[in-house]
Amino acid sequence: MIKYILRRLLVMIPVLLGVVFIIFTINYFSPGDPALIILGSEATQAQIDQLHADLGLDLPFFVQFFNYIKGIVTHLDLGTSYITKTEVRSDILARFPSTFKLAILSTALATLIGIPLGVIAATKQTTLFDYASTFLALIGASMPSFWLGLMLIILFSLNLGLLPASGLATWRHWILPTVAISVVPIANITRTTRSSMLEVIRQDYIRTARSKGLKERKIITKHALANAIIPVITIIGILLAFTMGGLIVLETVFSVPGMGTLMKKAISYKDYPTIQGCVLFIALIMSVMNLLIDILYAFIDPRIKSQYVKRNPKNSSKKIENRGDNDD
Amino acid sequence: MIDNCQMKKMNQSKEVWQRLRKNKLTILGLILALLLVFSAIFAPFICRYEYEDQDLRNAFQYPSFKHLLGTDNYGRDIFTRIIYGGRTSLLIALIAVSLGLIVGGLLGAFAAYYGGIFENVIMRGLDIVMAIPSLLLAVAISAALGVGMLNCAIAIGIATVPMFARVIRASALSIKDQEYIEAAHACGVGNVKIIFKHVIPNSLAPIIVQGTLKIGEAILQIASLSFIGLGVQPPTPEWGSMLAFGREFIRDFWPIVTFPGIAIMITLIVFNVLGDGLRDALDPRLKQ
């Protein structure tokens, strides 16, 4: 198991280097001279050349790329913001906790609501409850979270005056953004749980459990759900990435002091080091989260666990690859 | 021989159509999707106003027979702007998905067909792209390329490449070992021709399904990008930017931020329903 985790951590390194390369390349070839952004349009050519030399922008592409990587690896340096002149790293570290908490909170909420809803819908298939939850899940999955945020503000802040609409000062401030961002995950988890449960419920071992005279409740929670949960965990991983992306947009609605508002400001000022740093940082966090989810898999599903403990490393790595490919 | 082939093809599409017809929700989705496309194409004939017609004396009108969904802060008809916004969104989504499909599809098909190091390099490269959440990647590309419809389409299109490549590779892998490919080889047909004539046409089912679902997702991403100031810029009407500029007036005038969002939602529901229905109809194995 530890060997597997180590191997996954090693695989993460080239992936992250690749991510750095992609994001760096995108920004490198973007039109617009950073020196002009910093100095303004009235700068003289001498000033521009001086700044190019200071920032290392006159160096060839690969040297610049190497320097950027070196900065990250040696002292976690993500560069300096063009606009505020502060370190991108400290900007991100100051903003990240709010975004991360919102993402985790909403995913947890979605799991707590979505799984029971899906299980009930599957056990009561073709009843009114099933149709209603399927219908609601369809609508929920298609709802833009930033728009839902605006609607919640109109209803709960402006008309009813119950909840605050901006910032994250008290726990009451967290309610609306969390609800707005969790509706899509709730809908998706409900749908996935329902279809996965429906598949499992028809299996022979469920019939065996029934004929043993087990209580229906126990059959559902212990035998059916335990097997139906695997695809749900996959979708939770995907949804977490989706939620992080969605938060970038949603945060501006609620003026949350998080990564989204940081990025939005950076975008409007063409502050590339900040944009670059934010995307990298989120990609890093997503890779770690995906690793954790993959490890969780192995703990939950003994069938998957047994693949990793195989003696022949060549064989087992092939299996891991295949499993990854079947995801889509 | 040709007659046989054509008959088989006809039977196949007939079968798919029959499966599709059984699902009433999918048919509803299909009709609504066609209606959306229709309204996008014939927008000038549907709307009584021009989308940039300002009428400041009639700003902030609530919905009425004169203005079906009311007017915005410049007195522009919201209904007209939503219909034209759909035109913008659908056009960008179509370009984005086509771009993702062509690039991703070719990468996936060639990777599956040639295999080996070539496949490994392509697929691992795409894994790297997939490590970045797709909206975030679209934001990064869009921020670098700058605003505008085409740039928005390119940003979103690139972000969908890995998904299409994986889907098409998966189905191409299963086709690659079929006997008719072997037969084509034996007849001396070239590799590239086999890919275009046999591998890609036979992977059409998953392509259609994913393409439909991706159009919905692309529309959401376009709206998201425009909402944070990337993507489409005013005065071009687009749902996300309508929401962004309507936000200012959220306190006093609800229609300006309500209807564009409903438009996005309906469009997403339609494409999700249609995509799910097509999957059930085109790939009966999944349904069992």
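In this predicted model, 69% of the contacts in chain B with a separation of 6 or more are between residues 24 or more positions apart. The elements behind this picture are 13 helices, with zero strands, and the C-alpha trace of chain B spans about 75 × 45 × 30 Å along its principal axes. Of the 288 residues of chain B, 48% count as buried.

Where the two chains meet, 41 residues of chain A are in contact with 40 residues of chain B. On the side of chain A that touches chain B, at least two residues each come from α1 (2–28), α6 (128–141), α7 (145–159), α10 (216–254), α11 (259–268) and α12 (272–300).

Some details of the backbone remain. Most residues other than glycine have a negative phi, and most peptide bonds are trans. In chain A, however, phi of A:T126 is positive, near 65°, and this residue sits in the loop between α5 (88–123) and α6. A:T126 counts as exposed because it has 7 C-beta neighbours inside 10 Å. Phi of A:S255 is likewise positive, near 45°, and A:S255 belongs to the loop between α10 and α11 of chain A; with 15 other C-beta atoms within 10 Å, A:S255 is partly exposed. In chain B, the peptide bond from B:P234 to B:P235 is cis, with omega near 10°, and B:P235 lies in the loop that runs between α10 (204–227) and α11 (239–246) of that chain.

Technical notes:
Residues numbered from 1 in each chain as written. Chains lettered and ligands numbered in written order. Predicted model: local features only at pLDDT ≥ 70, side-chain atom pairs only at ≥ 80, totals over all residues. Contact = placed C-beta atoms within 7 Å. Helix = DSSP H or I, 4+ residues; strand = E, 2+ residues; numbered from the N terminus. Buried ≥ 20, exposed ≤ 12 C-beta atoms within 10 Å, placed from the backbone.
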